[in-house]
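Hello,

Here is the structure I promised to pass on. Please open it and keep it beside this email while you read.

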Amino acid sequence: MVEAFVFIVVEPNKIDKVGAESRKIQNVKEAYAVTGEYDIVVRIDAKDFSELSKVVKEKLLGIPGVVKTTTSVIIEKY
């Protein structure tokens, strides 16, 4: 199992739409609108790095209004 946070930059006035669309993706377990450099943060669960890559490249980046993503893989939970 691979878990990751994906930080998403969104076009102006599209945060709610992108947030709602991201939650429709099966691998997305949580989604938050946040302040700061990024607009949305999602947590993804994937079976392996290949699946994580597909979710980010084919699904998240395919949502209209997404400008860019930055992915951080979770390496340890406390």
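**Around Ile8**

Start at Ile8. Leaving out residues up to four places away in sequence, Ile8 touches Tyr38, Asp39, Ile40, Val42, Leu60, Val66, Lys68 and Thr69. Keep in mind that this is a predicted model.

**The core**

Which residues have the most contacts inside the largest nonpolar core? They are Val6, Ile8, Val42, Ile44, Leu52 and Leu60. The core has 18 residues. Strand 1 gives the most, with five residues.

Four of them form an open sheet, and their order is 2-3-1-4. The pairing is antiparallel. Which strands stand at the edges? Strand 2 and strand 4 do. Each has a single partner strand, so one side of each is left without a neighbour in the sheet. On average, neighbouring strands are turned by 20° against each other, direction ignored.

Next, the pairs. Strand 1 and strand 4 run antiparallel, joined by seven bridges. Find Phe7, then look across to strand 4: the bridge partner of Phe7 is Thr70.

Strand 2 and strand 3 are also antiparallel, with five bridges between them. Here Ala33 has Ile40 in strand 3 as its bridge partner. These two strands form a hairpin, with six residues between them. In the turn sits Gly36, which has a positive phi of about 110°.

**The helices**

Helix 1 (residues 15-23) lies across strand 1, strand 2, strand 3 and strand 4. Helix 1 runs at about 170° to strand 2. Helix 2 packs on the sheet too, touching strand 1, strand 3 and strand 4. The direction of helix 2 makes about 140° with that of strand 3.

**The salt bridges**

How many salt bridges does the structure hold? There are seven.

Take Glu3 and Lys77. Their salt bridge has its closest N and O atoms 3.1 Å apart. Glu3 lies in strand 1 (residues 2-10), and Lys77 in the segment after strand 4 (66-73), so the pair ties together parts that are 74 residues apart in sequence. Are the two partners buried or exposed? Glu3 counts as buried, at 15% relative accessibility. Lys77 counts as exposed, at 57%.

Arg43 forms a salt bridge with Glu30, and the closest N and O atoms are 2.7 Å apart. Arg43 belongs to strand 3 (residues 40-46) and Glu30 to strand 2 (residues 28-33), so this pair ties together parts that are 13 residues apart in sequence. Glu30 is partly exposed, with a relative accessible area of 27%. Arg43 has 17% relative accessibility, so Arg43 counts as buried, the cut-off being under 20%.

Arg43 also meets Asp45 in a salt bridge, at 2.7 Å from N to O. Both Asp45 and Arg43 are buried.

Finally, see how these residues join up. Glu3, Glu30, Arg43, Asp45 and Lys77 are linked in a network of salt bridges.

Best wishes

Key
Residues are numbered from 1 along each chain as its sequence is written. This is a predicted model: local features need pLDDT of at least 70, side-chain atom pairs count only at pLDDT 80 or more; totals for chains, interfaces and linings use all residues. Side-chain values use heavy atoms; hydrogens and water are left out. A salt bridge is a side-chain nitrogen of Lys or Arg within 4 Å of a carboxyl oxygen of Asp or Glu. Helices (H or I, at least four residues) and strands (E, at least two) are DSSP runs, numbered from the N terminus. Buried means under 20% relative accessible area, exposed over 50%, partly exposed in between (1.4 Å probe, protein chains only). A nonpolar core is a set of buried Ala, Val, Leu, Ile, Met, Phe, Trp, Tyr and Cys residues joined through side-chain atoms within 4.5 Å. Contact means heavy atoms within 4.5 Å. Two strands pair if DSSP finds at least two bridges between them. Axes are lines fitted to C-alpha atoms, for helices over the stretch in contact, and angles run from 0 to 180 degrees between N-to-C directions.
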